[in-house]
Amino acid sequence: DQWNKTKTRVKGAVREIAKDLVQLYAARQDTQGFQYGPDTVWQREFEEMFPYEETQDQLTAIEDTKRDMESTRIMDRLICGDVGYGKTEVAIRAAFKAVQEGKQVAYLVPTTILAQQIYNTFEQRMKNFPVTVAQLSSFRTSKEIKESISELKKGFVDIVIGTHRLLSKDVEFKDLGLLIIDEEQRFGETHKEKIKKLKNDVDVM
């Protein structure tokens with residue numbers, strides 16, 4: 001009996017989530033997204049600096065992502081792959097493309113360790129270009145966080161990488177263009193609600 005009650009409750013919750021998703025998706029389909037231009041010389045230079053050989057799957061994912069960004073549709077793209085597949089590189093190239101047109105990028109991750117790893121990778125890859133990357137996680141002091149939030153609002157931070165701290169009320173963007181969510185299933189319901197508000201009319205990966 002308990003089992004049946006739980007099953008019914010779960011079914012109801014799933015139905016609610018599905019309904020929300022359908023509504024969000026419909027709203028996003030009706031709205032015109034920001035249309036990025038074709039790749040620049042900088043984009044090509046940036047990609048040539050990737051120290052590894054891209055796999056065919058990776059190249060396909062990168063091409064598909066760029067095609068989405070260059071269209072008038074709002075992007076909803078899911079990148080799947082095993083560890084070592086190179087999903088971060090797909091995200092980095094999309095982020096770099098967004099930043100070149102004055103858009104900000106938010107990269108949301110479930111853990112502090114992951115935030116630090118992604119931040120290091122972005123810093124390393126972007127160091128030869130005028131791109132400002134910030135991190136919002138417990139690896140940062142409250143003074144550093146306050147500073148990053150202020151810079152983000154003014155548009156001085158191009159890319160911000162963070163845990164659920166990114167979803168706090170005090171975090172505002174000047175012009176958010178791309179939201180990258182790593183392992184969305186690991187965020188709780190309250191966070192998912194906030195993520196939903198954030199992804200209203202921006203490209204999502």
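Guide: Contact here means heavy atoms within 4.5 Å. The model is predicted.

Visitor: Which residues of H3 and H4 meet on that basis?

Guide: Gln-58, Ala-61, Ile-62, Thr-65, Lys-66 and Met-69 in H3 meet Glu-89, Val-90, Arg-93, Ala-94, Lys-97 and Ala-98 in H4. Sorted by class, this contact has six nonpolar, two polar and four charged residues.

Visitor: How is the packing of two helices described?

Guide: By the angle between their axes and the distance between the axes.

Visitor: What are those values for H3 and H4?

Guide: H3 covers residues 56-69 and H4 covers residues 87-100; their axes come within 9 Å and cross at roughly 30 degrees.

Visitor: Why is H3 called roughly parallel to H4?

Guide: Angles under 35 degrees count as roughly parallel. The crossing is at roughly 30 degrees, so H3 is roughly parallel to H4. The crossing of this pair is right-handed.

Visitor: What makes H2 and H4 roughly antiparallel?

Guide: The axes of H2 and H4 cross at roughly 155 degrees and come within 10 Å. Angles over 145 degrees count as roughly antiparallel, therefore H2 is given that label relative to H4. The crossing of H2 and H4 is right-handed.

Visitor: Which residues meet between H2 and H4?

Guide: From H2 there are Trp-42, Gln-43, Phe-46 and Glu-47, and from H4 there are Ile-92, Arg-93, Phe-96, Lys-97 and Gln-100. They divide into four nonpolar, two polar and three charged residues.

Visitor: Which residues of H4 and H5 meet?

Guide: Thr-88, Glu-89, Ala-91, Ile-92, Arg-93, Ala-95 and Phe-96 in H4 meet Ile-118, Thr-121, Phe-122, Arg-125 and Met-126 in H5. The classes are seven nonpolar, two polar and three charged.

Visitor: How do you know that H4 is largely enclosed by the rest of the structure?

Guide: A residue is buried if its relative accessible area is under 20%. Eleven of the 14 residues of H4 are buried, so H4 is largely enclosed. Among them are Val-90, Ala-94 and Val-99.

Visitor: What covers the buried residues of H4?

Guide: The cover includes helices H2, H3 and H5, together with strands S1, S3 and S4.

Visitor: How does the reach of H4 compare with the expected value?

Guide: From its first C-alpha to its last, H4 reaches 21 Å, close to the 20 Å expected. After H4 comes Gly-102, whose phi is positive, near 80 degrees.

Visitor: What makes Leu-166 count as buried?

Guide: Leu-166 has 4% relative accessibility. Buried means under 20%, so Leu-166 counts as buried. Leu-166 is found in the loop between S3 and S4.

Visitor: Which residues does Leu-166 touch?

Guide: Leaving out residues up to four places away in sequence, Leu-166 touches Ala-106, Tyr-107, Leu-108, Leu-136, Val-160, Val-171 and Phe-173.

Technical notes. Residues are numbered from 1 along each chain as its sequence is written. This is a predicted model: local features need pLDDT of at least 70, side-chain atom pairs count only at pLDDT 80 or more; totals for chains, interfaces and linings use all residues. Side-chain values use heavy atoms; hydrogens and water are left out. Axes are lines fitted to C-alpha atoms, for helices over the stretch in contact, and angles run from 0 to 180 degrees between N-to-C directions. Helices (H or I, at least four residues) and strands (E, at least two) are DSSP runs, numbered from the N terminus. Angles under 35 degrees count as roughly parallel, over 145 as roughly antiparallel, 65 to 115 as roughly perpendicular and the rest as oblique. A crossing is left-handed if the near helix is turned anticlockwise from the far one by less than a right angle, and right-handed if clockwise. Ala, Val, Leu, Ile, Met, Phe, Trp, Tyr, Cys and Pro count as nonpolar, Asp, Glu, Lys and Arg as charged, and the others, Gly among them, as polar. The expected span of a helix is 1.5 Å times one less than its number of residues. Buried means under 20% relative accessible area, exposed over 50%, partly exposed in between (1.4 Å probe, protein chains only).
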